Each structure stands twice: as structure tokens, then as C-alpha cells.
Amino acid sequence: MNRKKILLIDDEQDILDIISYNLEKEGYQVFTASNGNEGIEKAKEILPDLILLDVMMPEKDGIETCQDLRKIKELQKTLIVFLSARSEEFSQLAGYQAGANDYIVKLIKPKVLISKVAALLQLGAQSQENSNYIEIGDLIIDKDNFKVTKGKEEFLLPKKEFDLLYLLASNTDKVFKREEILEKVWGNDVIVGERTIDVHIRRLREKLGINTIQTLKGIGYKLVV
């Protein structure tokens, strides 16, 4: 059986113990490191399928560690996920800019984390076959590097705005209903306000151009380029 390898990098031993225990129960091979430098050496040695990485660590913080990991050719396809107590938007954006595939706040329950890991590994396997690069007219969306370019201008979007735009761009022939957007961008386990989608659509319009996203009243939204 091909057991997936997961590397945990965190300076808190109790966090390493709890997560290792839960992942090993699910059949994963788990390796640990207590700081960034140790984590990089361990990653080069074992070539993990997924790395769970803390942000605040001594010697080398998680952001710098992630950047260094992304420079290693053999780890280009490795999933890197931040697992941090820091929930500020700027911390999350810094994580994605450094090359992370996802950012999870540490308050997450172990069972939910295990489900998230399984989903990420499944998506990672699928992404080997499917492109994460969308080009429509002068609009380019690079999901691997979390970049959006329109014409000569590059945009740094918050996570949900990026996910919403990527969803709309994934099928420009389709009108996405509000229910589908909420499910695919925010998920069924998250309760959001009625105006949440409208606010994010308005922000995308302001950044990318007023005619980029079309509203079909009572139905949903469609990307027009």
C-alpha cells in the first residue's frame, strides 16, 4: 500500500504529538521537525506528499521556511499547508504568497483537520492531471502561485475573492447559482451572511473592471471577459 507521507513542522511538542497521533491512526506515515531548518532537511530526505507548517517558530519562521521549500526542485509538487494560531488576513496572504496551498487556523478540531488533509491530498493527486492555470482574454489566474493578472496589472486578492474568481473563471459558459458559490467557496460547515457573495463580487468588480462579472437577477453570476 502506498502510504502518504506527511511532515509536521512546529516548535510546540504537544501540537506535534496530537496531530501525529491522529494522522497515524488514519494510516499516514508521519515525520516531525521542531524548527524550519530541521524541517527543510527532513523534507529533502523523505520527500513528503504534504507538509503542515507553523508560522511562528524560532530560528526560521514558517514564511521563510515555505519560501525555501519552494526553491527545492524535488518538492515542487509537495503540498504545503500552514497550520497556525495567527488568523489575521495579512498572515494568510503572506502564507499564500510564500507558496502555500492552504492556510488553516489551529483552533480546528482534529477530525476536521484529518478530513481537510485527506481532501487536500486528493485534490493534489487530481492537480497532477488538471491545470491550475486559467487564461481568458487578458485575464490570467494562476492558482498554484495565487496570482491574478489582468492586462499588465497584477492583483493580490484575499483567499475567498481568489476562490470566487477562480470558480467563475473555471467555466465562463455557466451561470453559477448563489447556492453553488456558497457551497464551493465557503463550504457547508460555514455560516455566512446573505450579502457575503454580493460584497465579494463588488470588490472583484472594483478591482478587475465593472463589466467583468455579470449579475443575472434571481439566478446567480457569470464571468464575462
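Q: I'll start with the rule I know: angles under 35 degrees count as roughly parallel, over 145 as roughly antiparallel, 65 to 115 as roughly perpendicular and the rest as oblique. What are H6 and H8 to each other?

A: Quick housekeeping before that. This is a predicted model, where local features need pLDDT of at least 70 and side-chain atom pairs pLDDT 80 or more, while totals for chains, interfaces and linings use all residues. Residues are numbered from 1 along each chain as its sequence is written, and side-chain values use heavy atoms, without hydrogens and water.

Now the general idea: two packed helices are described by the angle between their axes and the distance between the axes. Here the axes of H6 and H8 are 10 Å apart, at an angle of about 80 degrees. H6 and H8 are therefore roughly perpendicular to each other. The axes are lines fitted to C-alpha atoms, for helices over the stretch in contact, with angles from 0 to 180 degrees between N-to-C directions. The helix labels are DSSP runs numbered from the N terminus: helices are H or I with at least four residues, strands are E with at least two.

Q: Which residues of H6 meet H8?

A: Contact means heavy atoms within 4.5 Å. On the H6 side you'll find Lys-160, Glu-161, Leu-164, Leu-165 and Leu-168, facing His-200, Ile-201, Arg-203, Leu-204, Lys-207 and Leu-208 of H8. Sorted by class, that contact has six nonpolar, one polar and four charged residues. For the classes, Ala, Val, Leu, Ile, Met, Phe, Trp, Tyr, Cys and Pro are nonpolar, Asp, Glu, Lys and Arg are charged, and the others, Gly among them, are polar.

Q: What angle do the axes of H7 and H8 make?

A: Roughly 80 degrees, for H7 (residues 178-186) and H8 (residues 196-208), with the axes coming within 11 Å. That makes H7 roughly perpendicular to H8. H7 brings Arg-178, Ile-181, Leu-182 and Trp-186 to the contact, and H8 brings Thr-196, Ile-197, Asp-198 and His-200.

Q: Which residues of H8 are buried?

A: Buried means under 20% relative accessible area, exposed means over 50%, and partly exposed is in between, using a 1.4 Å probe and protein chains only. In H8 the buried residues are Thr-196, Ile-197, Asp-198, His-200, Ile-201, Leu-204 and Leu-208. Just past H8, Gly-209 has a positive phi of about 125 degrees.

Q: What span should the 13 residues of H8 have?

A: The expected span is 1.5 Å times one less than the number of residues. For H8 that gives 18 Å, and its end C-alpha atoms are 18 Å apart, so the two agree. After H1, look at Gly-27, whose phi is positive, near 95 degrees. Buried residues in H1 are Ile-15, Leu-16, Ile-19, Ser-20, Asn-22 and Leu-23.

Q: Is Thr-65 buried or exposed?

A: Thr-65 is buried, with a relative accessible area of 0%. It sits in H3 (residues 62-70), a helix with seven of its nine residues buried. Leaving out residues up to four places away in sequence, Thr-65 touches Gly-36, Ile-40, Leu-53, Met-57 and Lys-60. The buried residues of H3 pack against H2 (36-46), S3 (50-53), S4 and H4 (89-97).

Q: How many aromatic pairs are there?

A: A pair of aromatic rings is described by the distance of the centres and the angle of the planes. Rings of Phe, Tyr and Trp (its six-membered ring) pair if their centres lie within 6.5 Å; planes under 30 degrees apart are stacked, over 60 edge-to-face, the rest tilted. The count comes to four pairs. One of them, Phe-82 with Tyr-103, is tilted, at 5.9 Å centre to centre and 35 degrees between the planes. This pair links distant parts of the chain, as Phe-82 in S4 (residues 79-84) and Tyr-103 in S5 (residues 102-105) are 21 residues apart. Both Phe-82 and Tyr-103 are buried.

Phe-162 and Tyr-166 have ring centres 6.5 Å apart and planes at 15 degrees, so that pair is stacked. They are four residues apart in H6, which means a separation of about one helical turn. Phe-162 is buried at 2% relative accessible area, and Tyr-166 counts as buried at 13%. Together with Tyr-96 and Phe-146, they form one aromatic cluster.
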